[in-house]
Amino acid sequence: MEGQEITREAALSREDHKHACHLLLYADTGAKLFGKIPIKHIVLMQMRFDGLLGFPGGLVKPSEESLEAGLTRELQEEVGVPVAVTADDYVSSHLAPAPPCLITHFYTKKIEEAELIDIERAAVATAADHGLEVLGMVRVPLYTLRNGGGLPWFLSHSFISNSRAQLLEALQRLGLVPLRALEEAVRQADVRRADQGEPH
């Protein structure tokens, strides 16, 4: 469940709500899986302390700092290097379905592959939250293998709040996965989740 989308202005006017900002980092790549399957793009998520998948980021206080400044601060703690986030990277704001009185703000930022690799290394070597709030960065497999592995299996895992919906929206909006392939991956993932007794 994604929750109701609201404007940034409306979100910031809700002083009784908590605000959480998260970032999808991605880069283009010429790498190939097993030397033959083009990966094309690298998208980063993370395994959280609770075992759920999500994006780097966290709670911010709009009364004390801008959303972007707060997100940049959270990223420093979680990935170990400064990642400058600007209003140009902003995508959307949603009233989170759970917990109540939380608004999630979502950002996407394209960087160079070398920068992304540096972030992956720093997330392990220097990030203050590594091994505590963050158990590790993960790359989203954007391909589908013959046995259904790859993106369909990844999407069948458990995600925090609306991060799965954010991921799917970003993959479509940014053109990182062809629409038909994305729809089929979601269909396969939903079948797998249903077989496991999980809600879609």
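A polar contact here is a pair of N or O atoms within 3.5 Å, and residues adjacent in sequence count only if both atoms are side-chain atoms. Keep that in mind for the first stop. The model is predicted.

**Stop 1: Asn-162.** Select Asn-162, in the loop between helix 4 and helix 5. Its relative accessibility is 3%, so Asn-162 counts as buried. Show its side chain. Another, of 3.1 Å, joins the side chains of Asn-162 and Thr-104.

**Stop 2: helix 6.** Select residues 179-195. This is helix 6, with 17 residues. From first C-alpha to last it reaches 24 Å, close to the 24 Å expected at 1.5 Å a residue. Now colour Leu-182, Ala-185, Val-186, Ala-189, Asp-190 and Arg-193, the buried residues of helix 6. They span an arc of only 135° around the axis, which means they lie on the same side of helix 6. An α-helix has 3.6 residues a turn, so residues three or four places apart point the same way.

**Stop 3: helix 3.** Select residues 113-125, the 13 residues of helix 3. The C-alpha span, first to last, is 18 Å, close to the 18 Å expected at 1.5 Å a residue. Leu-116, Ile-119, Glu-120, Ala-122 and Ala-123 are buried in helix 3. Show what the buried residues of helix 3 pack against: strand 2 (18-28), strand 5 (41-48), helix 2 (67-79) and strand 10 (134-139).

Methods:
Residues are numbered from 1 along each chain as its sequence is written. This is a predicted model: local features need pLDDT of at least 70, side-chain atom pairs count only at pLDDT 80 or more; totals for chains, interfaces and linings use all residues. Side-chain values use heavy atoms; hydrogens and water are left out. Helices (H or I, at least four residues) and strands (E, at least two) are DSSP runs, numbered from the N terminus. The expected span of a helix is 1.5 Å times one less than its number of residues. Buried means under 20% relative accessible area, exposed over 50%, partly exposed in between (1.4 Å probe, protein chains only). The arc is that of the directions from the helix axis to the C-beta atoms. Contact means heavy atoms within 4.5 Å. A polar contact is a pair of N or O atoms within 3.5 Å; within protein, one must be able to donate a hydrogen and the other to accept it, and residues adjacent in sequence count only if both atoms are side-chain atoms.
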